[in-house]
Amino acid sequence: MKRTILIALFVNLLSPWIPGQRGGPPRRLDNPVNYTLPGGSRVEFVEFKSPSLGRKAHYSLLLPPSYFQGNQRFPVIYFLHGMWNDHTSWTVQRYGNIPEKLEQLMKSGRIPEFIAVHPDGENSFYTDYLDGSLQYEKMVWRDLPEEVDHRYRTRRERRYRSIGGVSMGGYGAIKIALKHPGLYASAVGFSPIVLLGDDPSRQIMNPTSRLADYLAEVLKPIYGMPFNPDHWEANSLTHLVKSVQPRGLGIFLAWGTADRYNDLFPMERGVRTLDRLLSERGIDHVFKVYEGGPHGWGLVVQHLEEVLEFLTRTF
């Protein structure tokens, strides 16, 4: 509890310098309440005990219209949010109220019905902490599916499970799918943060930048600062692509040329490097560059039907 309060205060103090934190409509719901959409779908906010985190964790999900009309089981898509968001962010108007759009696409028959699950990954990069104290990667690939499969009527075969994410979550989704390819049929990374090199902290650390200082504090418990070589090699997308052969896994990468983070990470060089390495290894993937496309949820909403067609292609 103290850690959460301190982080919240820290972000508030730094908000004038953190991209995407300046004013505007809410980025998350403070007190989420379950609700039903006009077409009969239901959005629920759930708390569960995560052994990998050693405490309670949270997720939200969309149950499709037909879920309440019989006993059939449904495929599942797990989708991971970016930094400074949480499991409620995909439901707010600022990011397009995605559950409503999903229901419309399902009701029109343009995509099959599925359960959409959105966990709270905080600012973890969906990676197990260096000291093992918080294991966010394990929470996503092990605890969360076990919880969802136990609580809801899901189809548990690999072909009926996909994973996607945006920004930090784009990195997390591709990384987790590469490390655990037997769990997912498809993986999508929109505006994925692809850090390059043996020690990406060199790209981030800047004594004159408050944002760089903040990012260093966020990344330090996850990877070390400078990055621990062994831990980073186990979680680097470029290292993983060079060392794994994820047979049967389809990967979709997307990036917009107007990405506001291009000078910070940089985005373009990272995603193009990943595309090249995937091609060199002969790993099945699609790479889309959207001219004038923004970073994050804005890019997802612009191409929502396209990305869902990919994620549901084996359903």
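**Exercise 1.** Among contacts in the chain between residues at least 6 apart in sequence, what percentage join residues at least 24 apart?

Solution. The model is predicted. Take the contacts between residues at least 6 apart in sequence; of these, 75% join residues at least 24 apart.

**Exercise 2.** Decide whether the radius of gyration of the chain agrees with that of a compact globule.

Solution. Step one: the chain has 315 residues, and a compact globule with this number would have a radius of gyration near 20 Å. Step two: the chain has 18 Å, which agrees. Step three: as a further description, the C-alpha atoms fill a box of roughly 60 × 45 × 40 Å along the principal axes. Buried residues make up 57% of the 315.

**Exercise 3.** Is Ser167 buried or exposed, and where does Ser167 lie?

Solution. Step two: buried means under 20% relative accessible area. Step three: Ser167 has 7% relative accessibility, so Ser167 counts as buried. Step four: its phi is near 60 degrees, a positive value in a residue other than glycine.

**Exercise 4.** Which loop holds Pro226, and what is the peptide bond from Met225 to Pro226?

Solution. Pro226 sits in the loop between helix 6 (210-223) and helix 7 (229-235). The bond from Met225 to Pro226 is cis, with omega near 5 degrees.

Note on methods:
Residues numbered from 1 in each chain as written. Predicted model: local features only at pLDDT ≥ 70, side-chain atom pairs only at ≥ 80, totals over all residues. Heavy atoms only, no water. Rg over C-alpha atoms; globule rule 2.2 N^0.38 Å. Buried < 20%, exposed > 50% of the residue type's maximum accessible area, 1.4 Å probe, protein only. Contact = heavy atoms within 4.5 Å. Helix = DSSP H or I, 4+ residues; strand = E, 2+ residues; numbered from the N terminus.
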